[in-house]
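Hi,

Here is the structure I promised to pass on. Please open it alongside this note; my findings follow below.

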Amino acid sequence: MSLEEALLDGSELLEVLFERAPLAVAVLDRDLVLRKVNQAFVDSVARHGAPEAGPVQIGRSLHDYFPDTVDQTIALMDPVLAGETVWHRGVPHDHQGRLSYWDLLHVPLRRHDAVVGVVQLFTDATERTEAQHDLARSERRVRSILRNSADIVVLIDAAGVPRYIAPSADSQLKLAPRRSRGNTHVTALAHPDDVARVRELLAQVAAKPGDSPVFRCRLRHRDDTWHTFEVAPVNLLKDPDVEGIVLTARDVTDREQAEDELRRRDAILEAVRFAAQRFLESQSSWRASINEVMAQLGHAAAVSRVYIFENFQDEDGVHWTSQSHEWVAPGVTSQIDNPALTAMCYETTGFAPAAHALAEGEVVAGAVSSLPESEQELLAAQDIASIALVPVFADGKWWGFIGFDDCERERSWSASEIGALRAAASTLGAAIQRQRAEDQLREQQARYRQVFEATGDGLVITDLDGRLVRANPAFHQMHGYQPDELTGKPVTAWTHPDFHEALGRCTAAVLGGEQPRCPAVDVRKDGSTFPVQVQGSAFTFQGQPHILSVVRDDTERTQAFGLLEKRVAALSTIAASLRVNQALTDTLEVIVRAVVGATPAVACSASVIDPATDELRIYATVGLPPGYAKAVEQCWRLDRRMTEQLCFSTEPLIIRDVVRQALETPSMAPLHALLPGVPWDCVVILPMETQNRKFGSVNAFYPRELRPSDDDSAFLRAVADQGAVAVENSRLLAEAQNRAGLEERQRLARELHDSVSQALYGIALGARTAAALAKDGPEQLAEPLEYVLALADAGMAEMRSLIFELRPESLATEGLVAALQKRVAVLRSRHQLRVSAELGSEPELPLALKETLYRIAQEALHNTVKHAHAEHVTVRLTRAEAEVELEVADDGIGFDVAESHPGHLGLKSMTERTAAHRGCIELDSRAGAGTTVRIRVPVPS
């Protein structure tokens, strides 16, 4: 039978399929050639077929319209052509990059049990397939989320029996095996203390569809500890797809701990605020509020014990600490009386590492079990499970620490808690530092008040208008007023009118930031005046700017300064009198008058033992009765031993009641008639001595009512020393004059022998020669007579030079140039040297400077004659505007100036003489090149 016949037999069926079914229908022969199609098929080909194939036409192959799916179509059709009816769901079709999905039904057309064709029915299943794919992906996503999520999803029925537990529960909770769970209520997972509350909450959830409030409960974690979970219930019992209550649980243990830590931190900070308020409000020590503060900190930190340890050092510098304060929670054993904590050495108790950390500002915190064994024993004995030690610093130094103990559990201290505890320790340190500052301030105020009240200087506080606000007792006393009698009065009330203007300038300087010291004269209440020194400074008093003035009674200083001026003048006068040519009597006269003028002494004497006669001699007196000096000298001769003990003691000697003692001493009889009525009764005896050799004394006589002060004694010692210098100078001058006379006579004898004696011998020899020649004829007398005359001239020049040296004062009459010319003449006549003298006119110089230049020239020429072996010498004297220059040069053998020349004192003498006139000496010499000595001396104006 043909296909057409088969179609005719099923015409009614085909009619239904083609016209009424919403499916695309095509009838294909075995070669898949189109035999009949409906409009739905035509439309589908137009949407999803190959555009180049054109419209659908009967008789064309199905492959023409779907060329990209030929292999796929053949594979799908093979079982159909074999007689099977095949249903394909969601067959993908990619058309120009657009993926679609199709449901296909292939039915074989049979005729007499033979397959003659295929009926293809298909519909677009893209939306359904994609929805199914999305649903599958969503299901996979949900399963992955439920398996990997930190949240646990549990579906329970109205009775609370779990119907579904997400896989994530196995990774977090300790669950019974699935086979043994049965119909166990979901609260079996909860902490026993939470079961009743959770059952009640679930009953409320079951009674109200939709979302219910979130609640927390504790569930057993798989590590066998209890964790806190936050549960969000949703009642979906009436949802046909769920028909249960969905419980979403999330582990919030860490968050709860963090929240607890933040709550504790906030509570600790609130306690710190409370502590700061208490410490600031307290008028006494911080210790008065510390127990209340520690209680606040203990409750806030949720600890068992809070305590304070204070550091101290022993004599060896070893660091110790001791518990001083403690707060304990109810039921916790107090440790304040624990002897081990009363005085604890960090080193010996094993807490040296902790002490080092605390001293460095670190916090020592943690479970006791994690601490070093050296620290565990002491802490475990106090039942401490966890501890936190926070250092306390005051004034930048480690003062001690505040400790927090948890005796119930081991806990970790979070950074926020540690920060809050540090704030508490800082507040305590600030309170300690504040108390120290207040204590120091109170001490300073007490000292200032004591100084203000007790100081001998007047202290005055005035306002900016110059009115007295407060003054100390010394000020009132020195001005003769009663306390508060001057309060409110201007400073002009006690200042002399002559100093009002100066006082105004001083006040202006103080207000300008200076601290001037001004002399003034104040007026007492009785009208008398006295000198003062006033120093002012600006400062704040009772919150307002004021001026503090220190008023010092300057009477004693003024008198002392006047006395000091007298003594300085006296010593200057004495020093000026210590001239070499000054008579000893004149110098000692100056000394005794200086003593009476510069001390309260009313009389004075100076006595010296005459070295020639070994007799006591009174050289000078002032204020003593006539005949007193001779009477004392008689007492010396009557009883030398007693007089020597009195006058020449080893130390300054003060003899009181001296008149009575002298009258009672027989050896003092020469003085008895002179002593009645004298105005003195105390003698200060000061020995005059040099190099432990005593040779006299200065004796100061004081009135009966006065005694020498320390300043008087010091001045008298200085005067006695000056007297000793005068006596010693007199002795040395006499010795020097005697020795100089002897040396000069010896030198003149040598000079006369070497020069004048030889000249006279030559003259005598020449005269004898002339006398002998005169017999032969007068014409032979010329040569010997000339020789005699030359020797006579040389002798006369030599004599003039020697006479000048004996009488150097002739420099004043004859002059320096004349003196140098005489020395040149001696060199020419005596030593046959060629001498060039460039001396010029007489310079106007002081006599002392002329003598110095002459002596230097004399020494230089002497060195030339003695050492140089010269043939020619030049002596040059020049005067510039401000200096004079002397030059002596020779052409001798010279010498090396860098080498020393021991025993040659001439160079040293010339250098010393030049330096005495602030001049300079230049010495230029080389071996074989002669020597030049050049002296430059400034001329005094």
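In what order do the 5 strands of the open sheet run? The order is β19-β18-β22-β21-β20, and the pairing is antiparallel. Keep in mind that this is a predicted model.

The edges of that sheet are β19 (468-471) and β20 (517-523). Each has a single partner strand, so one side of each is left without a neighbour in the sheet. From one strand to the next, the twist averages 35°.

For β20, the pairing is with β21 (residues 529-541). The two run antiparallel and share 7 bridges.

Now to helix α5, residues 70-81. Its 12 residues should span 16 Å at 1.5 Å a residue. The C-alpha atoms at its ends are 16 Å apart, which agrees with that expectation.

Which residues of α5 are buried? They are Thr73, Leu76, Met77, Val80 and Leu81. Viewed down the axis of α5, these buried residues fall within an arc of 135°, so they line one face of the helix.

What covers the buried residues of α5? The cover includes one helix, α4 (62-65). It also includes the strands β1 (24-29), β3 (86-95), β4 (98-111) and β5 (114-124).

One backbone detail to check: just after α5, Gly83 takes a positive phi of about 110°.

Best regards

Note on methods. Residues numbered from 1 in each chain as written. Predicted model: local features only at pLDDT ≥ 70, side-chain atom pairs only at ≥ 80, totals over all residues. Heavy atoms only, no water. Helix = DSSP H or I, 4+ residues; strand = E, 2+ residues; numbered from the N terminus. Expected span 1.5 Å × (residues − 1). Buried < 20%, exposed > 50% of the residue type's maximum accessible area, 1.4 Å probe, protein only. Arc of directions from axis to C-beta. Contact = heavy atoms within 4.5 Å. Pairing = 2+ DSSP bridges. Axes fitted to C-alpha atoms, helices over the stretch in contact; angles between N-to-C directions.
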